[in-house]
Amino acid sequence: MSGDPHEVDLEVLITVKAYPTPSTKYSESVCVAGLRLDTPTPEWIRLYPVRYRDLPRRRQFEKYDIVRLRGRHRTGDSRPESFAPNEDTIEIVGHLSAKHGWSERVPLVEAVRIGSLCELMRRQKIDGTSLGVFRPAEITKLEITPTSPEWDQKRQTALGQTNLFCEEQRRPLEKIPFDFHFGFRCDDPACGGHRISMIDWEIGENFRKSLKPGRTLEERLELVHDRWLNVVCGERRDVSFFAGSVARRPQQFLLLGAFWPPKIEVPAQQALALFP
């Protein structure tokens, strides 16, 4: 463990991993968020930078893993939940499974759920809150729009930097040549609707892994669109969105991922009993 007096011990349930991005300072990095379990009640935390693909495999955590590590509040980051992790101290100590209707995960997420993205934006203006999870009232669309197929020159240069501490040669970071935006409405009287970018690693991987011999680009995009709109956000799922703000523009929010346990089916007799 580190002797840095500014570092603290953390135990975190990982709920969010964004798609890796090139960084002039870190070569490439991933923004990670989750819930602190070392506090009296769950609290949001952001871990950045995490040079995830350079970590030893024993430290490459997945979503809903529980990790212990040391970290310190990030200097120069106004968002109160932001910590700089000591990557050498990351230890995976557990995992919350998706069995039994996500019953291990749901109580922790419910403990920090808020009413809407609109509410999260209001909180940000009051106290700087930059992370939250909410249940959209209605998801109206998923837009997939083309972007540049290659990293720009600055980012290509950053990716060319070598990490001397990486145990093995990593594959080149693939640029996902599309942006993904969800349209939805909040359960909030003041909501005029939102169109927000989704940056979850999983949606990028869904596109990347859709490449198969003979499959057209249109078919690949349709597969991603169908999975996220009709499966992840389908009628059988009680979907919520994780959202976080941008460091340089703290009032701008992005969707960081989805929380999609199955809906609990209420037996017909029990439902009728609610309405005597």
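Q: Which hand does the crossing of α5 and α6 have?
A: The crossing of α5 and α6 is right-handed; a crossing is right-handed if the near helix is turned clockwise from the far one by less than a right angle, and left-handed if anticlockwise. This is a predicted model, in which local features need pLDDT of at least 70, side-chain atom pairs count only at pLDDT 80 or more, and totals for chains, interfaces and linings use all residues. Residues are numbered from 1 along each chain as its sequence is written, and side-chain values use heavy atoms, with hydrogens and water left out.

Q: At what angle do the axes of α5 and α6 cross?
A: They cross at roughly 145° and come within 9 Å. Axes are lines fitted to C-alpha atoms, for helices over the stretch in contact, and angles run from 0 to 180 degrees between N-to-C directions.

Q: Which residues make the contact?
A: From α5 there are E202, I203, N206, F207 and R208, and from α6 L217, R220, L221, V224, R227 and W228. Contact means heavy atoms within 4.5 Å. These residues divide into six nonpolar, one polar and four charged (Ala, Val, Leu, Ile, Met, Phe, Trp, Tyr, Cys and Pro count as nonpolar, Asp, Glu, Lys and Arg as charged, and the others, Gly among them, as polar).

Q: And which residues of α5 are buried?
A: In α5, residues 201-208, the buried ones are W201, I203, G204, E205 and F207. Buried means under 20% relative accessible area, exposed over 50%, and partly exposed in between, with a 1.4 Å probe and protein chains only. Helices (H or I, at least four residues) and strands (E, at least two) are DSSP runs, numbered from the N terminus.

Q: What covers them?
A: The cover includes β1 (8-17), β3 (27-36), β10 (178-185) and α6 (217-232).

Q: Changing topic: how many salt bridges are there?
A: The whole structure has 22, a salt bridge being a side-chain nitrogen of Lys or Arg within 4 Å of a carboxyl oxygen of Asp or Glu. K63, D200, E202 and R227 are linked in a network of them.

Q: What does R70 pair with?
A: R70 forms a salt bridge with D9, at 2.7 Å from N to O. The pair links distant parts of the chain, with R70 in strand β5 (residues 65-73) and D9 in strand β1, 61 residues apart. R70 is buried, at a relative accessible area of 11%.

Q: Where do E143 and R195 lie?
A: E143 is in strand β9 and R195 in strand β11 (residues 194-197), so their pair ties together parts that are 52 residues apart in sequence. The closest N and O atoms of this salt bridge are 2.7 Å apart. E143 is partly exposed at 23%, and R195 is partly exposed at 43%.

Q: Now S97: buried or exposed?
A: S97 is buried, because its relative accessible area is 18%. It sits in the loop between β6 (82-95) and α1 (99-102).

Q: What does the S97 side chain reach?
A: The S97 side chain reaches the backbone nitrogen of K99 at 3.2 Å. Leaving aside neighbours within four places in sequence, S97 is in contact with W102, E104 and R105.

Q: Lastly, what does I199 touch?
A: Not counting residues up to four places away in sequence, I199 touches A18, Y19, L254, L255 and L256. I199 lies in the loop between β11 and α5 and is partly exposed, with a relative accessible area of 27%. The C-alpha atoms of I199 and P20 are separated by 9.4 Å, although these residues are 179 residues apart along the chain.

Note on methods. Polar contact = N/O pair within 3.5 Å; in protein donor to acceptor, adjacent residues only side chain to side chain.
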